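Me: I would like to learn how to read a new structure one feature at a time. Could you take me through this one, giving the general idea before the particular case?

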Amino acid sequence: MKVPHSNAAGHRYVWTRDHLGSTPGVPDQFEVHAILFDPEATRHVPHTRRKWTELIERHEVAFLDYDNEVSACGKRCRMIFPLSFDTAEPDACPKCLEMVELWLNDRPEYERLRSEREAWITRKQDDELALGEEMDRALQRQAADIAGRKREQERKDTG
Ligand SMILES: [Zn+2]
């Protein structure tokens with residue numbers, strides 16, 4: 001079944017080289033993710049989405065360079081197709097299929113899972129930040145320690 005208000009997408013594209021140089025292309029095989037969007041909620045269309053929807057409307061595959069669009073399963077996708085996500089797609093991402101099922105039949109549960117995932121992503125970023133700061137402190141301690149030992153050695157050498 002072709003899911004309404006959806007687009008098929010891929011995580012990454014490939015670069016192909018020819019006499020014209022490098023051009024982005026579709027990989028031979030890849031997992032197909034679902035980009036879902038609520039047409040009711042498109043009044044404040046983000047810049048990224050505006051960019052790729054223009055390409056999609058011209059029936060072109062959108063290869064996003066610096067931007068990405070998050071799929072139903074939470075994957076950052078850089079390749080978006082001018083096609084709906086099809087649940088019969090053999091290479092469909094199983095997580096996206098689950099989310100699509102909820103999107104169609106249990107929207108509150110879909111929203112709940114989505115916000116849970118977003119909260120988890122934010123928490124993870126916070127953790128990484130905290131870990132980064134902890135590592136900085138550890139490195140500073142180590143540097144101070146080395147400097148201290150060096151000073152002590154110098155004192156011994158001169159004394
Ligand atoms: Zn997916």
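Reply: Let us begin with pairing, for which one rule is needed: two strands count as paired if DSSP finds at least two bridges between them. Keep in mind throughout that this is a predicted model. In general, strands of a sheet pair through backbone hydrogen bonds, either parallel or antiparallel. Here β1 and β8 run antiparallel and are joined by 2 bridges, and within that pairing Ala9 has Ile80 of β8 as its bridge partner.

Me: Which strand is joined to β1 by 4 bridges?

Reply: That strand is β4, which runs antiparallel to β1.

Me: In what order do the strands of the open sheet lie?

Reply: The open sheet has 4 strands in the order β4-β1-β8-β5, and the pairing is antiparallel. β4 and β5, the latter covering 62–63, stand at the edges with a single partner strand each, so one side of each is left without a neighbour in the sheet.

Me: Are the two faces of β1 buried or exposed?

Reply: Both faces are covered, with Ser6, Ala8 and Gly10 buried on one side and Asn7 and Ala9 buried on the other. Because 5 of the 5 residues of β1 are buried, this strand is largely enclosed by the rest of the structure.

Me: How many residues does the largest nonpolar core have, and which have the most contacts inside it?

Reply: A nonpolar core is built from buried residues of nonpolar kinds, joined through C-beta atoms within 7 Å. The largest one here has 20 residues, and those with the most contacts inside it are Ala34, Ala72, Ile80 and Val100. At least two residues each are supplied by β1 (6–10), β4 (33–36), β8 (79–80) and α2 (94–105), and the largest share, 4 residues, comes from α2. If residues up to four places away in sequence are left out, Ala72 touches His33, Ala34, Leu36, Cys96, Met99, Val100 and Trp103.

Conventions
Residues are numbered from 1 along each chain as its sequence is written. This is a predicted model: local features need pLDDT of at least 70, side-chain atom pairs count only at pLDDT 80 or more; totals for chains, interfaces and linings use all residues. A residue is buried if 20 or more other C-beta atoms lie within 10 Å of its own, exposed if 12 or fewer, and partly exposed in between; C-beta atoms are placed from the backbone. Two residues are in contact if their C-beta atoms, placed from the backbone, lie within 7 Å.
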